[in-house]
Amino acid sequence: MNPEHIREITSKLSIFQKPGDTPDTKLLVQGLVSYDGDKWAKHRKLMTPSFHVEKLKHMVPSFCTCAGEMLSKWEKIVSTNGSCELDVWPDLRTLTCDAISRTAFASNYKEGTRIFELQTEQAQYHLKAVQSVYFPGWRFLPTKRNRRMKQIAKDVHESIRKIINARLEAMEAGEACADDLLSILLESNSKEIDYHGDKGFGMSIREVIEECKLFYFAGQETTSVLLVWTMILLSRYPNWQARAREEVLQHFGTNKPDLDGLNHLKLVTMILHEVLRLYPPEFKPERFADGVSNATNGKVVFFPFGWGPRICIGQNFAMLEAKVALAMILQRFSFELSPSYTHAPRVVLTLQPQYGAHLILHKL
């Protein structure tokens with residue numbers, strides 16, 4: 001509860017290290033989030049170019065495409081009488097799955113979607129394992145769950161390996177590097193190895209595969225959760241929904257969002273920051289009117305993406321995707337809580353609505 005302790009713990013990486021991964025966790029995902037020391041520093045350096053703002057701006061069209069497909073689906077559903085009740089949670093998960101697939105693997109995003117589905121299944125098995133009574137050596141038994149978890153890990157590994165091999169062949173053939181996360185990572189890795197003349201300064205293919213798995217797990221789950229709670233809270237506070245919509249229309253009208261306009265969405269940013277406090281006893285986005293630093297008086301009391309050197313490398317990616325999706329939703333729909341909505345936040349690795357997010361959508 002002490003902000004100064006939080007600052008110290010998140011800053012002194014050599015003293016306060018992460019606990020080791022369990023065997024089940026290793027099957028699900030490793031990568032940057034699970035490393036310490038020199039290995040963490042190397043991976044962080046190599047992955048940073050993938051999330052540079054100049055690279056992220058090229059991903060805005062992909063975010064718009066994914067959101068547009070979801071909204072077209074909603075428009076067909078409400079076309080009969082202009083409104084309908086809908087559980088938006090599954091569609092928001094599909095949206096962020098599609099977005100991370102396109103931005104991570106570009107033209108291979110359909111294959112990426114299959115990888116995501118396998119990762120989702122793996123996460124469910126992992127959660128069951130965490131919630132079960134632990135018996136030493138249990139993971140070595142050929143149970144149905146253990147066999148399936150190992151098979152999923154193998155299938156995901158092989159699928160990503162095929163995509164990586166195709167990219168490496170294209171790079172060797174002199175083809176221009178694409179702007180997706182994988183291509184940027186491979187290019188960064190290749191440059192580091194060439195510069196030092198030693199493969200030890202880069203990532204192995206297995207390590208690249210683990211980072212790709214992390215793209216999926218962290219990139220999809222977190223943004224869909226942020227969006228679903230944002231829609232739920234804006235349904236409860238229609239005045240903030242109306243103000244956010246007015247801001248979006250002022251900057252974009254009915255046009256697709258662009259990076260410059262997204263950077264000027266002050267109210268939308270305030271709302272997203274407030275939702276990231278989940279779950280607050282009251283909803284006051286105005287606390288962020290003058291930015292996070294002023295809201296916290298410079299103390300480490302608000303850290304939705306972590307803090308210090310290990311602050312989430314994908315925070316700008318997640319916020320940009322959330323802004324695009326929310327802006328496009330506000331352009332086309334107003335929404336309110338359905339009488340069938342049941343408020344039941346539940347931790348499933350992330351904080352999720354246990355019974356979905358049943359809203360009434362009204363076409364504008």
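This is a predicted model: local features need pLDDT of at least 70, side-chain atom pairs count only at pLDDT 80 or more; totals for chains, interfaces and linings use all residues.
**Close-up 1. The packing of helices H5 and H15.** Helix H5, which covers residues 60-78, packs with helix H15, which covers residues 315-332, at an angle of about 35°, and the axes of the two helices are 9 Å apart. The crossing that H5 and H15 make is right-handed. On the side of H5, the residues that meet H15 include Val60, Phe63, Cys64, Ala67, Met70, Leu71 and Trp74, while those contributed by H15 include Phe317, Leu320, Val324, Ala325, Met328 and Ile329.

**Close-up 2. The salt bridge between Lys73 and Asp91.** Lys73 and Asp91 form a salt bridge in which the closest N and O atoms are 2.6 Å apart.

**Close-up 3. The salt bridge between Glu121 and Arg148.** The side chains of Glu121 and Arg148 meet in a salt bridge, with a distance of 2.9 Å from N to O. Glu121 sits in helix H7 and Arg148 in helix H8 (residues 144-172), so that the pair, 27 residues apart, links distant parts of the chain. Both partners are partly exposed, Glu121 with a relative accessible area of 22% and Arg148 with one of 27%.

Close-up 4. Arg167 forms a salt bridge with Asp180, and the closest N and O atoms of the pair are 2.8 Å apart. Arg167 is in helix H8 and Asp180 in the loop between H8 and H9, 13 residues apart, and this pair too links distant parts of the chain. Arg167 and Asp180 are both buried. Elsewhere, Glu69, Asp98 and Arg102 are linked in a network of salt bridges, and the count for the model comes to 17 salt bridges.

**Close-up 5. Glu210 and its contacts.** Glu210 is found in helix H10, which spans residues 205-236, and at 7% relative accessibility this residue counts as buried. When neighbours within four places in sequence are left aside, the residues in contact with Glu210 are Val29, Gln30, Gly31 and Tyr35.

Close-up 6. Ala123 is part of helix H7 (residues 109-131) and, with a relative accessibility of 13%, counts as buried. Its C-alpha atom is separated by 9.2 Å from that of Val29, although Ala123 and Val29 are 94 residues apart along the chain. Ser190, in helix H9 (residues 181-196), is partly exposed, with a relative accessible area of 29%. The C-alpha atoms of Ser190 and Glu211 are separated by 15 Å, these residues being 21 residues apart along the chain.

Definitions and conventions: Residues are numbered from 1 along each chain as its sequence is written. Side-chain values use heavy atoms; hydrogens and water are left out. Axes are lines fitted to C-alpha atoms, for helices over the stretch in contact, and angles run from 0 to 180 degrees between N-to-C directions. Helices (H or I, at least four residues) and strands (E, at least two) are DSSP runs, numbered from the N terminus. A crossing is left-handed if the near helix is turned anticlockwise from the far one by less than a right angle, and right-handed if clockwise. Contact means heavy atoms within 4.5 Å. Buried means under 20% relative accessible area, exposed over 50%, partly exposed in between (1.4 Å probe, protein chains only). A salt bridge is a side-chain nitrogen of Lys or Arg within 4 Å of a carboxyl oxygen of Asp or Glu.
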